[in-house]
Every structure is written in C-alpha cells, then in structure tokens.
Amino acid sequence: MVMQSPNPGDYPNRTIAEYAAQLASASPTPGGGSVSASVGAFACALGEMVCNVTLAGTTQPENPDRLREAADAGARLRARLLELAAADERAYGGYQAAWA
C-alpha cells in the first residue's frame, strides 16, 4: 500500500493503527525520529501509570509528594516527546520539499 506523506499537524489526532499503517507504507514519514519520540512518550505514560496506581492504592506510599512530582514530570516529558515526534515529521517534510 502506497500512502501519501501524512500531514504532521495530524500527529496528535491519528490512531495508533493509522500511525502504524503510515509507518509501514512506502511514505518516508513517519520515520525513525518520530517513532523514537513516540516510544519515549509511551514509556513516560507507563511511568505515570505506576505513580498514579500507587497513589490510588489502599496503602499510603512512603513519599506521595515525590510520586506526584514524578507523575507530573512524566506528563511534561510525554507531551514534549509527542511535540518532537510531530516536529520530526515536519522537518523531514521540509527536507523532502527542498529536494523536490
């Protein structure tokens, strides 16, 4: 299946299935930079989940403030990585346009 290069502005609105299909296509974007940043964002989300599950548990954690700080830091980093994933696609799109 040959797909057109995606609109990087659509990055946050694509489903995981759409993103994977575009990645598998003959289109040069999304590529490695976008995927790396996306995987990093998923890793941050898992860290946030651990903090939030621990905070929501029935046993009071030893350092709840540190867990909240870690969850907040993970959320900020997750958002930044998703921004960088979209920026990578835009940058490569600009490179392609310059060579066209």
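Predicted model: local features only at pLDDT ≥ 70, side-chain atom pairs only at ≥ 80, totals over all residues.
**Entry 1. Packing of helix 2 and helix 3**

I began with the two helices, namely helix 2, covering residues 32-56, and helix 3, covering residues 64-99. I looked up how they pack and found an angle of about 160 degrees, with the axes 8 Å apart. Helix 2 is therefore roughly antiparallel to helix 3, since angles over 145 degrees count as such. I noted the handedness of their crossing as left-handed.

I then asked which kinds of residue make up the contact of helix 2 with helix 3. The contact residues comprise 16 nonpolar, seven polar and five charged.

**Entry 2. Arg-14**

I next turned to Arg-14, which is located in the segment before helix 1 (16-24). Is Arg-14 buried or exposed? Its relative accessible area is 12%, so I recorded Arg-14 as buried, the limit for that class being under 20%.

I found a polar contact of 2.7 Å between the side chains of Arg-14 and Gln-22. I also found that the side chain of Arg-14 makes a polar contact with the side chain of Glu-89, at 2.8 Å.

**Entry 3. The salt bridge between helices**

I compared the accessibility of the two partners. Glu-48 has 10% relative accessibility and counts as buried, whereas Arg-78 is partly exposed, its relative accessible area being 31%.

I then examined Asp-65 and Arg-68, whose closest N and O atoms are 3.1 Å apart in a salt bridge. Where do these residues lie? Both are in helix 3, three residues apart, about one turn of the helix. I noted Arg-68 as partly exposed, at a relative accessible area of 42%.

The next pair I looked up was Arg-80 and Glu-83, a salt bridge in which the closest N and O atoms are 3.2 Å apart. Arg-80 and Glu-83 are likewise both in helix 3, with a separation of three residues, about one turn of the helix. Arg-80 is partly exposed at 44% relative accessibility, and Glu-83 is partly exposed with a relative accessible area of 45%.

**Entry 4. Summary**

I close with two points from the entries above.

Terms used: Residues numbered from 1 in each chain as written. Heavy atoms only, no water. Axes fitted to C-alpha atoms, helices over the stretch in contact; angles between N-to-C directions. Helix = DSSP H or I, 4+ residues; strand = E, 2+ residues; numbered from the N terminus. Parallel < 35°, antiparallel > 145°, perpendicular 65-115°, else oblique. Left-handed = near helix turned anticlockwise from the far one by under 90°. Nonpolar A, V, L, I, M, F, W, Y, C, P; charged D, E, K, R; others polar. Buried < 20%, exposed > 50% of the residue type's maximum accessible area, 1.4 Å probe, protein only. Polar contact = N/O pair within 3.5 Å; in protein donor to acceptor, adjacent residues only side chain to side chain. Salt bridge = Lys/Arg side-chain N within 4 Å of Asp/Glu carboxyl O.
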